[in-house]
Amino acid sequence: MGAFDGKIAVVTGAARGIGQAIALKLASGGADVAVCDLQVEWLDETVKAVEALGRKALPLAVDVGNGEAVNACIDAVIKAFGRIDIMINNAGITKDTLLIRMSEEQWDDVLRVNLKGVFLFSRAVAKPMMRQRSGAIVNIASIVGLIGGAGQCNYSASKAGVIALTKSTAKELASRGVRANAVAPGFIKSKMTDALPEEVRSNYLGLIPMARFGETEDIAKAVAFLASDEASYITGQVLSVNGGMVM
Ligand code: NAD
């Protein structure tokens, strides 16, 4: 028996990287998964991998910063599966530059996807989850949401916002049986971090006591725990997964 047998999960930003790893981890535990990303074709690889695990995958194109699209996405999931047990807010972007060079557009774009997107999906799943009197929301924050990051005023502010949003959501929904937690990854190997200059990457490595970058599966395992009934008395928490980089 899998931890997620009979459960329905929604994962945003599931085309690649951490989101794809989370979708596969939940499917391997028995969940059927609605996988969301900007374009439906980008989700082909994830859909095939979920189906190869014997589970159903529902690919949906959605821009997480667009409220109408988010509501339509959740309606489509309810129509297809009848319920939502697990919501994973993973989609995120970076537009790094120093504060003095940061444009309003760079600020707005990152806050729109990383913070507003989590708000919109949390709002959309709250009603069906409250009605069911059960549900688990897991939001992907970041280590820089806890300690800040030079060149990342927009990104770190968005992730600190995700942490506060998670805690407020947890307080509002706890009495209805719905939990909300965050995972704060450190430096994880993905397309997002592949784009960083070599010097930045080696500087980060020197700060990690475990002396390796994280794998997407390291995050997926922590997310699966918080989404599972094993974490039934855990809400409003931030679980750091960073090889000891910040303690
Ligand atoms: P990634 O760039 O590989 O994947 C992000 C996914 O989100 C992509 O598939 C992308 O198409 C999708 N996406 C972007 N904007 C979207 C939008 N508006 N609507 C829907 N989907 C959208 O990145 P990743 O490294 O896998 O990161 C996943 C999450 O983990 C992000 O929230 C990121 O901030 C967070 N994170 C990553 C690291 C790391 O080291 N990689 C560290 C801390 C936090």
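Mentor: The side chain of Asn242 reaches the backbone oxygen of Val246 at 3.3 Å, a polar contact, that is, a pair of N or O atoms within 3.5 Å; within protein, one must be able to donate a hydrogen and the other to accept it, and residues adjacent in sequence count only if both atoms are side-chain atoms. This is a predicted model, in which local features need pLDDT of at least 70 and side-chain atom pairs pLDDT 80 or more, while totals for chains, interfaces and linings use all residues. Residues are numbered from 1 along each chain as its sequence is written, and side-chain values use heavy atoms, leaving out hydrogens and water.

Trainee: Which backbone nitrogen lies 2.8 Å from a polar atom of the Asn242 side chain?
Mentor: That of Gly244.

Trainee: Is Asn242 buried or exposed?
Mentor: Buried, with a relative accessible area of 11%. Buried means under 20%, exposed over 50%, and partly exposed in between, using a 1.4 Å probe and protein chains only.

Trainee: Switching to the ligand: which residues come nearest?
Mentor: Arg16, Asp37, Asn90, Tyr155 and Ser190, out of 29 residues around the ligand. A residue counts as near if one of its heavy atoms lies within 4 Å.

Trainee: What are the polar distances there?
Mentor: A polar side-chain atom of Ser190 is 2.5 Å from a ligand oxygen. For an N or O atom in the Asp37 side chain, the distance to an oxygen of the ligand is 2.6 Å, and for a polar backbone atom of Asn90 it is 2.7 Å.

Trainee: How much of the ligand does the protein bury?
Mentor: The protein buries 94% of the 830 Å² that the ligand exposes when taken alone. Those areas come from the Shrake-Rupley method with a 1.4 Å probe; for residues, only the protein chains shown count as cover.

Trainee: Now α2: which residues are buried?
Mentor: Thr46, Val47 and Val50. They sit on the same side of α2, because they cover an arc of only 100° around the axis, taken from the directions from the helix axis to the C-beta atoms. Helices (H or I, at least four residues) and strands (E, at least two) are DSSP runs, numbered from the N terminus.

Trainee: And what's on the face turned away?
Mentor: The exposed residues Glu45, Lys48 and Ala52.
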